[in-house]
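Here's a short tour for anyone meeting this structure for the first time. Have a look at it below, and then we'll walk through a few spots.

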Amino acid sequence: MRRQVLCFFSMLFVSPVFGQVSYSIPEEMSKGSLIGTIAQDLGLDLKRLKTGKARLHVGNGAEYIELNKEKGLLLVKERMDREALCKQTTPCALHFQIILENPIEFFRVTMEITDINDNAPKFKMSNMLFEISELAVRGSKFILEKAFDYDVGINGLKSYSLNPTDHFVLKLNDNAAGEKEVEMVLEKPLDREEIQHLTLTLTAFDGGEPQLSGTVQIHVTVLDANDNAPLFTQSTYKASLMENSEKGTSLMTVTARDRDQGMNGIVTYSISSNIEGIFDLFEINATSGELRLIGRIDYEISKHYQLDVKARDQGGLTDSCKIILDIIDVNDNIPIIDLMSKTHSIPEDSTFQTVVAVMNVNDADSDINGEVKCFLSDSFTFVIENTSHGFYSIRTNSELDREVTSQYNITVTCSDEGVPSLSSSVTLTLQISDVNDNSPLFERSSYEAYIVENNTPGLSVFTVKARDADWNQNARVSYILEDSSVNGVPVSSYVSVSADSGVIHAVRSFDYEQIKVFQFRVKAQDGGSPPLSSNVTVKVLIQDQNDNPPQVLYPVQTGGSLVAEMVPRSADVGYLVTKVVAVDVDSGQNAWLSYKLQKATDRALFEVGLQNGEIRTIRGVTDKDAVKQRLTVIVEDNGQPSRSATVIVNVAVADSFPEVLSEFTDYTQDKEYNDNLTFYLVLALAVVSFLFITCLVVIISVKIYRWRQSRGLYHSNLPVIPYYPPRYSDTLGTGTLQHVYNYEVCRTNDSRKSDCKFGTVGSQNVLIMDPSSTGTMQRIQSEKNILDEPDAPQEVRPF
């Protein structure tokens with residue numbers, strides 16, 4: 001079978017890319033016949049057809065065409081009958097599209113189906129009956145029914161022939177519509193007496209090869225004496241009709257007049273047409289000539305109708321006229337949205353103007369009723385563009401953020417310009433896939449955590465929390481302790497961070513007195529690729545516990561020396577004996593100290609200030625009071641539980657120094673034996689060390705030498721009185737304790753007792769006696785030698 005192919009291809013520089021190719025094939029091609037090499041015609045390779053998942057979008061022509069992606073061919077899927085597809089419409093064409101994905105492309109294909117001569121001309125009537133008066137004059141015309149041929153063009157109806165031609169000849173006339181009118185013209189007058197009936201054969205021929213024909217029998221009955229034919233008042237009638245008009249609507253009335261009288265003047269009307277289905281739409285009243293609508297008129301099926309109306313009198317004479325009906329379009333079709341391709345999911349970092357869907361919109365109405373405009377429910381994020389006639393693409397119009405909107409329901413609404421406007425819509429669901437574009441964010445800009453000192457290692461201190469707005473793996477947060485140091489020590493030796501939960505644990509036990517506060521940084525990192533991170537500063541404050549007892553600074557407690565405070569017997573009530581000075585290295589209320597008198601030789605004589613630790617007399621001193629007074633003072637902090645320390649204060653109640661010496665001498669002598677024994681033990685240890693450690697001989701010898709020298713200076717057994725700077729004041733701000741000691745000493749070397757002359761006493765006098773001392777007291781001259789001025793007061797301090 002002969003096949004003609006016409007190929008036309010054009011490329012528009014828009015995205016997606018459009019092209020067009022056209023083919024021409026004859027009808028009735030067998031199944032599997034080749035239509036065209038579509039891949040070659042479109043300039044595509046076969047690999048692109050496969051990877052692009054090429055498919056046909058053919059609409060109503062789905063059952064006739066198929067695509068062979070392996071070879072890039074278009075094939076006939078089912079036999080095509082041009083007459084069934086297009087009827088009399090020329091040219092007859094099928095329009096479809098070839099769609100590719102990744103990226104989205106589509107091409108328009110037009111396939112014209114050419115006619116072959118497979119239909120012979122036909123007549124709707126099997127017989128035509130005519131009753132012709134014998135008075136019919138030569139040249140009388142009798143309109144014959146036209147044949148119809150489903151083929152078109154050269155294969156359509158071509159000519160007629162009439163046999164026999166003894167009385168009639170055939171004449172073809174062109175009407176206003178350009179169609180052939182078939183008329184039978186009386187060539188030879190009829191004579192009923194010679195012949196009453198005539199049978200003629202009308203044959204219709206087409207122009208195809210081979211030529212086909214169809215026949216109909218014409219039966220002529222010769223009547224008597226009716227020599228006037230009906231005549232229509234107009235040869236052509238025109239009217240307009242709205243589509244979808246109701247059945248029974250009166251369209252017009254045609255009129256034909258016959259000058260004969262009686263039965264020969266009665267005219268009947270009938271419709272004569274070769275258009276299929278015309279008798280289902282219109283009918284004419286045979287008597288009145290009124291034309292009525294009896295079917296449904298659709299502008300989209302036919303835009304106008306042409307009817308042939310025949311008027312016939314009782315004598316068989318006829319006349320004909322044309323009725324042309326123009327159909328007016330009504331906006332009765334909604335736009336049809338055909339979603340050709342769509343994307344279900346795109347990443348949130350997609351570029352601007354990314355195509356997410358392609359669709360075709362068609363409105364079967366015409367003119368303004370068929371003009372369609374489409375718009376989106378979300379015109380900010382997405383935009384719809386008319387890429388070509390009836391084809392639209394939906395593109396992104398702004399940046400996408402999954403954390404703001406993870407899914408879009410895009411509603412496309414298309415409406416025509418008719419009144420009232422008709423519209424249709426379709427909704428697309430588009431998922432936005434996540435990319436790692438958000439860093440973890442901590443709930444606070446910085447954290448402060450508190451931990452009580454002396455904690456257990458491994459204790460949970462605090463929890464930091466960061467959140468990532470991304471999804472799935474991109475939102476999985478891990479916590480990392482950043483490298484840093486605290487006082488030169490790596491921070492990892494102080495705390496650790498749980499990578500999954502962000503819980504901060506103490507690695508060691510903290511001591512408030514060593515470290516009170518430190519800080520470090522924690523990094524939160526997500527699981528994306530590449531990972532994103534942020535950090536935060538955590539400040540840890542150590543809280544104090546009452547874990548340190550008070551420490552007594554004054555009076556100093558020494559193992560070998562005895563400190564005594566002197567109180568004159570003339571002291572009055574409230575006399576300041578001394579002040580107990582203590583500190584607590586704890587802080588806050590744990591360092592608030594209170595002083596209490598725990599034991600005393602005579603409780604009725606002394607009292608201790610609760611807040612300042614001052615020891616004062618609570619009554620006047622009498623001669624009956626013992627010279628040697630021993631007070632035990634307890635210093636207690638305010639912690640829970642509280643801690644305390646005790647200090648022993650020796651008080652000498654006397655007016656003169658010799659009186660004090662006589663009281664405290666025995667106490668010092670008891671210590672001499674132990675001190676001498678200690679000396680010999682140290683000396684023996686030095687000798688043994690000398691034998692085993694040669695390298696230490698020189699050092700030990702020097703120490704022994706120095707020690708021997710110091711023993712020569714302390715050979716006397718006299719008590720040693722310490723030196724305090726004038727007007728000594730404590731540093732805690734609880735009061736001022738003045739110390740002024742001026743002594744005039746008159747003695748001889750190695751004397752057991754000496755006469756001492758005390759100078760002016762400020763607030764208290766301190767006497768220190770060292771039981772191990774055998775040396776003498778050195779006098780310090782301020783301006784003159786004590787031998788020169790024996791009465792001058794001197795300050796005495798131990799060496």
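Leaving aside its neighbours within four places in sequence, which residues is Glu-179 in contact with? Before the answer, keep in mind that this is a predicted model. The partners of Glu-179 are Lys-146, Asn-173, Asp-174 and Gln-306. As for its place in the chain, Glu-179 sits in the loop that runs between β11 (168-174) and β12 (180-186).

Now for how open two of the residues are. Glu-179 has a relative accessibility of 35%, so it counts as partly exposed. Val-687, with a relative accessible area of 45%, is partly exposed too. Here they are in a table:

| Residue | Where it is found | Relative accessible area |
|---|---|---|
| Glu-179 | loop between β11 (168-174) and β12 (180-186) | 35% |
| Val-687 | helix α5 (residues 672-692) | 45% |

Next, the second largest pocket. Its volume is about 1100 Å³, and 48 residues line it. Nearest to its centre are Ile-143, Lys-310, Thr-318, Asp-319 and Ser-320. Which strand gives the most to this lining? That's β23, with 5 residues. Other strands join in: β8 (127-133), β9 (141-143), β19 (267-272) and β22 (304-313) are among those that each supply at least two residues. So do β11 and β12, the strands on either side of the loop that holds Glu-179.

Technical notes
Residues are numbered from 1 along each chain as its sequence is written. This is a predicted model: local features need pLDDT of at least 70, side-chain atom pairs count only at pLDDT 80 or more; totals for chains, interfaces and linings use all residues. Side-chain values use heavy atoms; hydrogens and water are left out. Helices (H or I, at least four residues) and strands (E, at least two) are DSSP runs, numbered from the N terminus. Buried means under 20% relative accessible area, exposed over 50%, partly exposed in between (1.4 Å probe, protein chains only). Contact means heavy atoms within 4.5 Å. On a 1 Å grid over the protein atoms alone, a cavity is a set of points where a 1.4 Å probe fits but cannot get out, and a pocket is an open set with protein on both sides within 12 Å along at least five of seven lines; lining residues have an atom within 4 Å of a point. Grid points are joined across faces, edges and corners, and a volume is the space filled by probe spheres set on the points.
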